[in-house]
There are 2 protein chains.
Amino acid sequence: MKQVEFWFDFASTYSYPAALRIEKIARSSNVPIVWRPFLLGPIFKGQGWNDSPFNIYPAKGNYMWRDLERICGSLGIPFRKPSTFPRNSVLAARLACSFAEEPWLAEFIRETFLANFAHDRDISDRAVLASVLEIVGQPESVIDLSQSPDAKTKVRAATERAMSLGIFGAPSFVVGSELFWGNERLETAVAWARRRD
Amino acid sequence: MKQVEFWFDFASTYSYPAALRIEKIARSSNVPIVWRPFLLGPIFKGQGWNDSPFNIYPAKGNYMWRDLERICGSLGIPFRKPSTFPRNSVLAARLACSFAEEPWLAEFIRETFLANFAHDRDISDRAVLASVLEIVGQPESVIDLSQSPDAKTKVRAATERAMSLGIFGAPSFVVGSELFWGNERLETAVAWARRRD
């Protein structure tokens with residue numbers, strides 16, 4: 001059985017529903033998942049964009065917000081359009097990369113996404129992340145540990161790895177040498193992991 | 001029961017599987033469909049692109065070709081990567097816009113997509129379109145009828161209408177005031193048409 005790598009950015013809109021539903025879908029299919037936080041910013045810069053394409057291309061952006069609202073509605077996931085988009089996700093990515101092996105990682109990821117896309121909170125704010133850490137039973141001091149050079153290197157390495165895998169957006173799912181892009185391809189990726197080669 | 005408007009460009013890669021499967025899906029759900037050929041070129045130009053984004057952004061393009069291959073494979077649809085991409089779809093669009101009410105329209109659309117994406121034929125070539133017309137039982141002279149100022153106006157009006165609907169890519173599906181973008185959203189669009197308001 002292959003695993004599904006879930007590549008996401010905490011600022012990425014369509015990563016939000018994917019992050020909330022992936023564990024249940026993967027578990028019911030008995031497919032292991034690996035959380036792969038990275039930063040879209042450097043990848044967008046490589047494509048010549050200094051902002052989210054949803055801000056650069058208004059028709060795409062207008063569509064996305066309505067689409068996300070519909071998707072969250074149909075999944076029963078709370079949604080409030082963030083007052084700032086995209087939010088700076090560097091600190092959250094450092095935390096997720098630093099504590100990749102911790103049992104509280106998945107819940108931390110989901111709660112951070114909820115903070116951004118359901119509660120309209122600024123996930124670059126230390127106090128906001130401290131409150132997320134409190135929910136998952138961790139002290140605020142965890143944030144200091146994630147500020148080490150090692151943590152920064154991990155985020156950079158993850159982003160470079162994403163680029164080398166051909167990832168150009170989020171969420172993306174990697175199964176062996178296959179790449180799937182977009183929230184609605186999650187089921188396809190999980191099914192691919194169950195294929196016999 | 002609402003209808004689903006299927007907005008597509010004959011050069012658009014993901015429009016190909018959508019065009020081949022929409023009629024069966026809509027029919028089995030008892031949802032009427034309306035074929036809406038238009039041209040992506042002017043819409044891309046409005047976004048500052050003089051080429052397909054799949055050519056401008058190589059990572060996106062590489063992904064798309066592999067993804068399309070997988071999608072066609074899983075649907076049992078033939079696929080050969082066109083040796084030229086994107087192909088000029090103006091003449092095919094004029095034909096589809098001119099003969100929107102003809103009973104052979106749907107088959108013409110499917111056969112034109114097959115010519116482009118299964119048989120690697122140049123759909124801007126009059127002889128290629130003549131052979132497609134032959135398949136659907138129509139004489140080559142139909143092409144001349146589609147070259148009238150009226151036919152050109154129809155294509156331009158369709159493209160302007162697409163823009164005013166917020167369409168930024170293809171395939172797109174319009175159900176009332178709702179827009180859905182992408183081949184894999186076809187089922188969602190059809191389900192939306194069956195909702196009671």
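Trainee: What is the relative accessible area of B:Arg36, and is the residue buried, exposed or partly exposed?

Mentor: B:Arg36 is partly exposed, with a relative accessible area of 29%; buried means under 20%, exposed means over 50%, and partly exposed lies in between (1.4 Å probe, protein chains only). This is a predicted model, in which local features need pLDDT of at least 70, side-chain atom pairs count only at pLDDT 80 or more, and totals for chains, interfaces and linings use all residues. Residues are numbered from 1 along each chain as its sequence is written, chains are lettered from A and ligands numbered from 1 in the order in which they are written, and side-chain values use heavy atoms, with hydrogens and water left out.

Trainee: With which residue does B:Arg36 form a salt bridge?

Mentor: A salt bridge is counted when a side-chain nitrogen of Lys or Arg is within 4 Å of a carboxyl oxygen of Asp or Glu. The partner of B:Arg36 is B:Glu5, and their closest N and O atoms are 3.3 Å apart. This pair links distant parts of the chain, since B:Arg36 is in strand β2 of chain B and B:Glu5 is in strand β1 (residues 4-8) of chain B, 31 residues apart; helices (H or I, at least four residues) and strands (E, at least two) are DSSP runs, numbered from the N terminus. B:Glu5 counts as buried, at 12% relative accessibility.

Trainee: How many salt bridges are there over all chains, and how many between chain A and chain B?

Mentor: The count over all chains comes to 26 salt bridges, and six are counted between chain A and chain B. One pair is A:Arg70 with B:Glu178, whose closest N and O atoms are 2.8 Å apart. A:Arg70 lies in helix α4 (residues 58-75) of chain A and B:Glu178 in strand β4 (residues 178-181) of chain B, so this pair joins two chains. A:Arg70 counts as buried at 8% relative accessibility, and B:Glu178 counts as buried at 10%.

Trainee: Where do B:Asp67 and A:Arg185 lie?

Mentor: B:Asp67 and A:Arg185 form a salt bridge, with their closest N and O atoms 2.9 Å apart. B:Asp67 lies in helix α4 (residues 58-75) of chain B, while A:Arg185 lies in the loop between β4 (178-181) and α10 (186-193) of chain A, so the pair joins two chains. B:Asp67 counts as buried at 1% relative accessibility, as does A:Arg185 at 7%. B:Arg185 in turn forms a salt bridge with A:Asp67, the closest N and O atoms being 2.9 Å apart.

Trainee: What area is buried between chain A and chain B?

Mentor: The size of an interface is often given as the accessible area lost when the parts come together. That loss is found with a 1.4 Å probe and summed over both parts, and between chain A and chain B it is about 1900 Å², of which carbon and sulfur atoms give 57%. The contact, meaning heavy atoms within 4.5 Å, takes 19 residues from chain A and 19 residues from chain B. Of the interface residues of chain A, 100% are also interface residues in chain B, so the copies meet through the same surface.

Trainee: Which residues have the most contacts inside the largest nonpolar core?

Mentor: A nonpolar core is a set of buried Ala, Val, Leu, Ile, Met, Phe, Trp, Tyr and Cys residues joined through side-chain atoms within 4.5 Å. The largest one has 140 residues, and A:Phe108 and B:Phe108 have the most contacts inside it. Leaving aside residues up to four places away in sequence, B:Phe108 touches residues including B:Phe10, B:Leu95 and B:Val136.

Trainee: Where is the cis peptide bond of chain A, between A:Ala170 and which residue?

Mentor: The cis peptide bond joins A:Ala170 to A:Pro171, with omega about 0 degrees, and A:Pro171 lies in the loop between α9 (149-164) and β3 (172-175) of chain A. In chain B, the peptide bond from B:Ala170 to B:Pro171 is cis, with omega near 0 degrees.

Key. Buried area = accessible area lost by both parts, 1.4 Å probe.
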